[in-house]
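Dear colleague,

Please find below the structure that I am handing over to you, together with its sequence.

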Amino acid sequence: MKTIVTIVILVTESCSPIPYKGALSSGAAVVVDPAAAFAGSNFAFRRPTMLCSPFRFFRQALCLALFGLTLAATAALAAPGTLSLVSMGAGDPDNMSLRAHKTIEAADVFFTMGGRNPHPELTRGKPVHDAEHGLFGQGGGRTRKPADEAEKLRVENRRIIREAVVAGKNVVILDNGDPTVFGPQIGYMKEFADLNPVIVPGLSSFNAANAALRTSVVAGKARAVMLTLGAVNEGRELFLAQAINEGVTLVLFMVRDLDGLVAALRGKVPATMPVAVVANAGSPAKEKVIGATLATLPEKIRGIELGPYLLYIGEAVNL
């Protein structure tokens, strides 16, 4: 339902008629209905039959000023909504930034992974839709749904987001960590680029894990830091080994096969190379930091329930 703002200014006096000389002539009645603007019509200006005043100039100035304010109010009413990709930080909810919290409070529509609502105290009964995983990624994304279901969801999400923004609503896509580092929802930024979406940054798992390590990742012999995937397919182990041997602290995300990774690096990186595993970074009650060497790591973490973790390899993490 459209909001209608009507401003009526009426000044009448017992005097002879004043000739009408234009929209803002001494006509002391100005009726401004923004609904007409929304409908593509012109504003209407009306004057009473009997108008006269020695303060004609004052009334004209007053009419003009209030008309300007009305136009500003109309523009505000007609303004489109917003689309934001908001990081809730890493780990516990209290790692969320103040800006993220304010953006979430102002939101009208939410999108989350799987349509889950892990923080109902923040969404407060507002609609929560499925953002999926990598739905708008390159080449069809990294979505986990069958192709036909994924395409159906793309069409639906496009409709919901665009209709909401046109209606002046604030749409928020919730993510964790840094949305720009292996973030599953970053594709929304390109898909809806014409809506001028913004990213509200937050604490990444990398930042939280660094804090848990309590050491500099570029200390001593370390010359640089590299964030990359913990995979060794297609000969990537040669690339990783070269970086480690040149003094780069490697930070590996999404390590699916730790034993396979260690085996692939064996013989290419010194067995005594320091490594560290940081699990559940940002959640002090569940956080684990395990230091080892490349050779001893598999045995040291065997049987331990880790949860999500980052793997550090390099001289800087000699714990």
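Thr 143 lies in the loop between S6 and H5; the model is a predicted one. The side chain of Thr 143 is joined to that of Glu 132 by a polar contact of 2.5 Å. Apart from its neighbours within four places in sequence, Thr 143 is in contact with Glu 132, His 133, Gly 134, Leu 135, Ala 150 and Arg 154.

Arg 154 is found in helix H5, which spans residues 147-166. Is Arg 154 buried or exposed? Its relative accessible area is 10%, below the 20% limit, and Arg 154 therefore counts as buried. The side chain of Arg 154 also makes a polar contact, at 3.0 Å, with the side chain of Glu 151.

H5 itself lies across S4, S5, S6 and S7, and runs at about 150° to S5. These strands belong to an open sheet of five, in the order S6-S5-S7-S4-S8, with parallel pairing. At the edges stand strand S6 (128-130) and strand S8 (198-200); each has a single partner strand, so one side of each is left without a neighbour in the sheet. From one strand to the next, the twist averages 25°.

Another helix, H3 (residues 98-105), lies across strand S4 (82-87), S5, strand S7 (170-175) and S8. The direction of H3 is at about 135° to S4.

Leu 174 is found in strand S7. Because its relative accessibility is 12%, under the 20% limit, Leu 174 counts as buried. Which residues does Leu 174 contact, leaving aside its neighbours within four places in sequence? They are Val 86, Met 88, Ile 104, Phe 110, Phe 111, Thr 112 and Gln 185. With Phe 111, Leu 174 has a C-alpha separation of 6.2 Å, although the two are 63 residues apart along the chain.

I turn now to the later part of the chain. In helix H7 (residues 205-213), the buried residues are Phe 206, Ala 208, Ala 209, Asn 210, Ala 212 and Leu 213. They pack against five strands: S9 (224-229), S10 (248-253), S11 (274-279), S12 (288-293) and S13 (309-313). After H7 comes Arg 214, with a positive phi near 60°.

S13 deserves a paragraph of its own. Five of the five residues of S13 are buried, so this strand is largely enclosed by the rest of the structure. In a regular strand, side chains alternate between the two faces of the sheet. In S13, Tyr 309, Leu 311 and Ile 313 point one way, while Leu 310 and Tyr 312 point the other way. S13 is joined to S10 by three bridges, and these strands run antiparallel; here Val 251 has Tyr 312 as its bridge partner. S13 also pairs with S11 in the antiparallel sense, over five bridges, and Val 278 stands opposite Leu 310.

Helix H9 (residues 258-265) also packs against S13 through its buried residues, as well as against helix H8 (236-245), S10 and helix H10 (297-301). The buried residues of H9 are Leu 258, Leu 261, Val 262, Ala 264 and Leu 265. Why can they be placed on the same side of H9? They cover an arc of only 160° around the axis, which puts them on the same side of that helix. H9 is followed by Gly 267, whose phi is positive, near 90°.

Finally, some totals for the protein. Its secondary structure comes to ten helices and 13 strands. Of its 319 residues, 40% are buried. Among contacts with a separation of 6 or more, 65% are between residues 24 or more positions apart. The accessible surface comes to about 17,100 Å², and carbon and sulfur atoms account for 57% of this area.

With kind regards

Technical notes
Residues numbered from 1 in each chain as written. Predicted model: local features only at pLDDT ≥ 70, side-chain atom pairs only at ≥ 80, totals over all residues. Heavy atoms only, no water. Buried < 20%, exposed > 50% of the residue type's maximum accessible area, 1.4 Å probe, protein only. Helix = DSSP H or I, 4+ residues; strand = E, 2+ residues; numbered from the N terminus. Contact = heavy atoms within 4.5 Å. Polar contact = N/O pair within 3.5 Å; in protein donor to acceptor, adjacent residues only side chain to side chain. Pairing = 2+ DSSP bridges. Axes fitted to C-alpha atoms, helices over the stretch in contact; angles between N-to-C directions. Areas by Shrake-Rupley, 256 points an atom, 1.4 Å probe, with all protein chains shown as cover. Arc of directions from axis to C-beta.
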